[in-house]
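Thanks for asking me to look through this one with you. Here are a few notes on its helices, in the order I would go through them on screen.

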Amino acid sequence: MSDTPFGFGLPPEEPENGDKGKKKDPTGGGQGSGGPANPFGFGPGAGGDNPFAAMFGTMNPNDLGAAFQQLGQMLSYEGGPVNWDMAKQIARQTVSQGTPDGTKDASVSQSERSAVDEALRLADLWLDGVTSLPSGSVSTVAWSRAEWVEASLPAWQKLVDPVAERVGLAMGDVLPEEMQAMAGPLIGMMRSMGGAMFGQQIGQAVGVLAGEVVGSTDIGLPLGPAGKAALLPLNVERFGKDLSVPQDEVRLYLALREAAHQRLFAHVPWLRSHLFGAVEGYARGIKVDTSKLEDVVGQFDPSQPEQLQDALQQGMFQPEDTPEQKAALARLETALALVEGWVDAVVHEAAESRLTSADALRETMRRRRASGGPAEQTFATLIGLQLRPRRLRDASRLWASLTDARGLDGRDALWEHPDMLPTAQDLDDPDGFVHHEQLDFSELDRMLGEAAKGPQKPEGDAGGAGSEGADDRKSDGKGETDQ
């Protein structure tokens with residue numbers, strides 16, 4: 001876990017995707033990438049990646065008015081903990097600049113839409129035979145990068161707002177109560193600047209991520225609208241560019257992963273809220289180093305708004321070392337591993353006998369996840385979580401073993417309730433979980449059902465004493481009407 005969960009710097013020990021294990025450049029420069037490795041890119045020496053350096057560092061007279069207009073928008077913001085209008089604007093600007101390899105975003109053509117629709121529909125047919133969960137896709141869509149930004153921002157808001165809220169509250173608490181009334185305008189300015197800072201950083205992160213993701217579920221969380229299976233044709237093409245695998249197979253394999261995620265999130269009703277709730281629970285345990293924040297407030301110069309940016313960069317936010325915080329982190333990390341492991345196992349079972357490159361594509365995807373690709377990096381930076389490859393592989397092996405031992409229905413039945421799922425300890429010993437004796441609740445269910453119906457009368461005596469009286473009356477010839 002990162003020591004600075006919202007310090008906006010990536011762990012130096014995590015390698016870049018494809019850099020053969022080399023460490024990251026902490027200044028944000030990718031090794032041979034031509035662009036920032038850090039999706040937020042605001043570290044020391046980030047240069048043009050710092051929005052304020054870009055705004056004021058190389059200013060010419062023609063841009064001065066636009067720069068002060070943007071600064072005015074930042075200072076006048078009065079919304080929630082993150083300026084999401086600014087985040088959206090920055091994300092779209094980042095997308096329009098293209099990726100480091102020179103690939104520019106483009107509208108999706110009709111032929112690309114047809115290819116994506118066909119791949120997702122075929123993927124759903126293949127999945128029917130390897131999982132008891134029915135299709136979760138109400139519709140299919142092919143997105144450009146800009147369209148992915150628009151579709152995913154609501155989910156990012158749910159992920160980021162809890163952490164940003166902690167910062168906003170801290171900004172108002174660093175001054176003594178007797179001074180807060182007098183410093184009201186300053187506190188308001190600080191919160192506006194904080195919301196703008198988060199908006200800048202999240203916007204750039206989402207914009208960078210838009211150049212890498214291939215669907216709506218790349219980080220194991222549902223970032224798109226429910227029931228809408230999506231692929232990004234431009235990024236799918238980039239994914240398979242150097243793999244020597246037919247493009248149709250690449251598209252179909254990625255469609256299988258997207259469709260499998262959709263089934264899981266559509267038919268496990270508690271899963272979405274469980275994951276986002278775990279993120280929020282973890283965020284509640286993040287504390288702000290108020291001593292650093294007090295220094296920033298005491299020395300804050302409105303003409304140098306980058307001071308707040310520097311404070312964010314210097315590791316102001318730390319997780320509390322409490323049992324509740326550790327439990328929240330373990331719950332989230334394990335749930336994500338189980339989601340990704342289930343998808344990996346199910347997709348491999350569907351693709352193994354149909355796609356000649358299934359094994360190669362599976363290993364490529366695993367290495368992409370293991371090398372700390374942009375999706376994992378962004379998520380780790382946002383909440384301090386790293387999904388370790390060992391967890392993913394162990395989870396995948398566990399689900400595959402469950403299929404052999406209990407069949408599709410027995411395996412997928414574990415998703416009925418979070419308490420039925422394997423724990424972190426079970427991921428350490430997948431075989432032990434698979435082969436331990438299953439509890440049989442059928443007899444208990446029968447007993448509870450009978451208890452709910454109330455006391456039962458003996459056979460042949462359903463009417464009780466009342467029946468005997470009725471029979472006596474009938475024998476007297478008075479019949480039932482004389483009651």
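This is a predicted model: local features need pLDDT of at least 70, side-chain atom pairs count only at pLDDT 80 or more; totals for chains, interfaces and linings use all residues.

1. Let's begin with helix α14, residues 358-370.

2. Which residues of α14 are buried? They are A358, L361, R362, M365, R366, R368 and R369. These residues lie on the same side of α14, because they cover an arc of only 160 degrees around the axis. Turned away from that buried side is a face with the exposed residues D359 and R367.

3. Buried here are W84, M86, A87, I90, A91, T94 and V95. Their arc around the axis is only 170 degrees, which puts them on the same side of α3. As background, residues three or four places apart in an α-helix point the same way because there are 3.6 residues a turn.

4. Next, a helix pair. Helix α10 (residues 271-284) packs with helix α13 (residues 323-351) at an angle of about 145 degrees, their axes being 9 Å apart. The crossing is left-handed.

5. Where do these two helices touch? On the α10 side, the contact involves L271, H274, L275, A278, V279, G281 and Y282; α13 contributes Q325, A328, L329, R331, L332, A335, L336 and V339. Sorted by type, the contact residues of α10 and α13 are eleven nonpolar, three polar and one charged.

Terms used: Residues are numbered from 1 along each chain as its sequence is written. Side-chain values use heavy atoms; hydrogens and water are left out. Buried means under 20% relative accessible area, exposed over 50%, partly exposed in between (1.4 Å probe, protein chains only). Helices (H or I, at least four residues) and strands (E, at least two) are DSSP runs, numbered from the N terminus. The arc is that of the directions from the helix axis to the C-beta atoms. Axes are lines fitted to C-alpha atoms, for helices over the stretch in contact, and angles run from 0 to 180 degrees between N-to-C directions. A crossing is left-handed if the near helix is turned anticlockwise from the far one by less than a right angle, and right-handed if clockwise. Contact means heavy atoms within 4.5 Å. Ala, Val, Leu, Ile, Met, Phe, Trp, Tyr, Cys and Pro count as nonpolar, Asp, Glu, Lys and Arg as charged, and the others, Gly among them, as polar.
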